[in-house]
Amino acid sequence: MSAVQPPTPTSPEPVESQELLQLGAEPDPCLRADAARNRARLLEAAARLVAERGADCLTMDAVAAEANVGKGTVFRRFGDRTGLLSALLDHSERKFQAAFLSGPPPLGPGAPPVERLRAFGLAMLRRTSEELELQLAAEPAADRRFTAPPRRVLRHHVTLLLREAVPDADSELLAHTLMAPLDPALVHHLTRQCGMPLSRLEEAWVDLVDRVTGGTERGADGADRVADGAG
């Protein structure tokens, strides 16, 4: 006899109506155009350095040299190395949130929920792989790991998609389960320490989503149909 599922709260708003969660200090809207361009150039230079050398090698001097500006410019814009790392991660988070909240499908609105779940995990894995050193350096402490704003907005997005795809499931708890394989520390262990190719993690994600959701999409008429690529 199967266990009785706890009542699942319904979401009063569709996934598409989510708003971008504010992660940190928003750039000054009155910032001069040239100053805004310089800030973006510094962040792009920092991202390149992290990708090439790792977050441990990121210094204010190195960013200044990579962006071809004076070191004082970097300090004035970000304060110190911690401020630079925070701004870099914040910049990356905002771009990713914009992609899944308002970008083109299947990652963004317009695709069925199971298809969006597949696309979300694949995009997360690729993004984490590309900026793994940065994400590990910015990993929250244990008491904030699941309450930090970036984690909460990602998990909320997965929860809403699960409510659409499997409305009889405990979507809030299931979202934690689905997010586990996307954790940067686990991705580091599997790809760097175990030598697994990223493609294996991607295939496992799609398989997990299909097993959890049954690989079905619910049509506008309320009938279930097999999702593309499932079964």
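## Helix α4 against helix α7

In this predicted model, helix α4 (residues 81-102) packs on helix α7 (residues 149-165) at about 15°, with the axes 12 Å apart. Helices here are DSSP runs (H or I, at least four residues). Axes are fitted to C-alpha atoms over the stretch in contact, and angles run from 0 to 180 degrees between N-to-C directions. The pair is therefore roughly parallel (under 35 degrees). Their crossing is left-handed, with the near helix turned anticlockwise from the far one by less than a right angle.

Glu93, Phe96, Gln97, Phe100 and Leu101 of α4 touch Pro150, Val153, Leu154 and His157 of α7; contact means heavy atoms within 4.5 Å. The contact residues are 6 nonpolar, 2 polar and 1 charged. Asp, Glu, Lys and Arg count as charged; Ala, Val, Leu, Ile, Met, Phe, Trp, Tyr, Cys and Pro as nonpolar; the others, Gly among them, as polar.

## Helix α7 against helix α8

The axes of α7 and helix α8 (residues 171-179) come within 8 Å and cross at roughly 120°.

From α7, Leu154, Arg155, Val158, Thr159, Leu162 and Arg163 take part. Their partners in α8 include Leu174, Ala175 and Leu178. The contact holds 7 nonpolar, 3 polar and 3 charged residues.

## Basis

Residues are numbered from 1 along each chain as its sequence is written. Local features need pLDDT of at least 70, side-chain atom pairs count only at 80 or more, totals for chains, interfaces and linings use all residues, and side-chain values use heavy atoms, without hydrogens and water.

Conventions
Helices (H or I, at least four residues) and strands (E, at least two) are DSSP runs, numbered from the N terminus. Angles under 35 degrees count as roughly parallel, over 145 as roughly antiparallel, 65 to 115 as roughly perpendicular and the rest as oblique.
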